[in-house]
Amino acid sequence: MTSDADDALTWEGDDDRPTQKPAPEPEKKAALPRGWKAVGRRSETVGRIEEDGTVSDPAERPPLSTPMLLLIGIVGGIYLLYTVGWIVGGLTLHGSAMFLIPDVMYQIALWAAVLAPVLWFGAVWILTRRSASWVRVAGLLGGVLLLVPWPFVMTGAVGA
């Protein structure tokens, strides 16, 4: 049983209720409106102010636009055709190249050429994640110009 002095300091049911603490204020994050770009140290931690007034998470990247998705699909298809072209063109020239270089060196060069379009596409995709869209487009189109399968283009599929 409690004494009268203790009863004066408590209300009935105080022991059963958990103590309520005031909720901490949410940490304010740095954010910029659409059209502004943060530069400098820790610029990747700056979020975006959306149209409804909420602040988006800076780690969340916006989705690619429709024209960019189409361009990536078309260029990816071109790179796939380049890979097939390097295989066909390289195998077509195999017999005539044996007079110039050893077979091992030819095989290494052939497979490096076959993998070059895939590696270029992957490198541009990974290295331009945080860059402007035009940088990614320039990298992809530069690879289209540089990686043309010349053995296939010059001799054709039948080795003319």
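This is a predicted model: local features need pLDDT of at least 70, side-chain atom pairs count only at pLDDT 80 or more; totals for chains, interfaces and linings use all residues.

Q: OK, what does the secondary structure come to?
A: The protein has six helices and two strands, and along the sequence these elements follow the pattern α-β-β-α-α-α-α-α.

Q: And how much of the protein is buried?
A: Of the 160 residues in the protein, 19% are buried, while the accessible surface comes to about 12,800 Å², with 66% of that area belonging to carbon and sulfur atoms.

Q: Switching to the helices, how do helix 2 and helix 5 pack?
A: Helix 2, which covers residues 66–92, packs with helix 5, residues 133–146, at an angle of about 20°, and their axes are 10 Å apart. Because angles under 35 degrees count as roughly parallel, the two helices are described as roughly parallel to each other.

Q: Which hand does the crossing of helix 2 and helix 5 have?
A: The crossing of these two helices is left-handed.

Q: Which residues in helix 2 meet helix 5?
A: On the helix 2 side they are Met-68, Leu-71, Ile-72, Val-75, Ile-78, Tyr-79 and Tyr-82, and they meet Ser-133, Arg-136, Val-137, Gly-139, Leu-140, Leu-141, Gly-143 and Val-144 in helix 5.

Q: How do the residues of that contact divide into nonpolar, polar and charged?
A: Eleven residues of the contact between helix 2 and helix 5 are nonpolar, three are polar and one is charged.

Notes:
Residues are numbered from 1 along each chain as its sequence is written. Side-chain values use heavy atoms; hydrogens and water are left out. Helices (H or I, at least four residues) and strands (E, at least two) are DSSP runs, numbered from the N terminus. Buried means under 20% relative accessible area, exposed over 50%, partly exposed in between (1.4 Å probe, protein chains only). Accessible areas come from the Shrake-Rupley method with a 1.4 Å probe; for residues, only the protein chains shown count as cover. Axes are lines fitted to C-alpha atoms, for helices over the stretch in contact, and angles run from 0 to 180 degrees between N-to-C directions. Angles under 35 degrees count as roughly parallel, over 145 as roughly antiparallel, 65 to 115 as roughly perpendicular and the rest as oblique. A crossing is left-handed if the near helix is turned anticlockwise from the far one by less than a right angle, and right-handed if clockwise. Contact means heavy atoms within 4.5 Å. Ala, Val, Leu, Ile, Met, Phe, Trp, Tyr, Cys and Pro count as nonpolar, Asp, Glu, Lys and Arg as charged, and the others, Gly among them, as polar.
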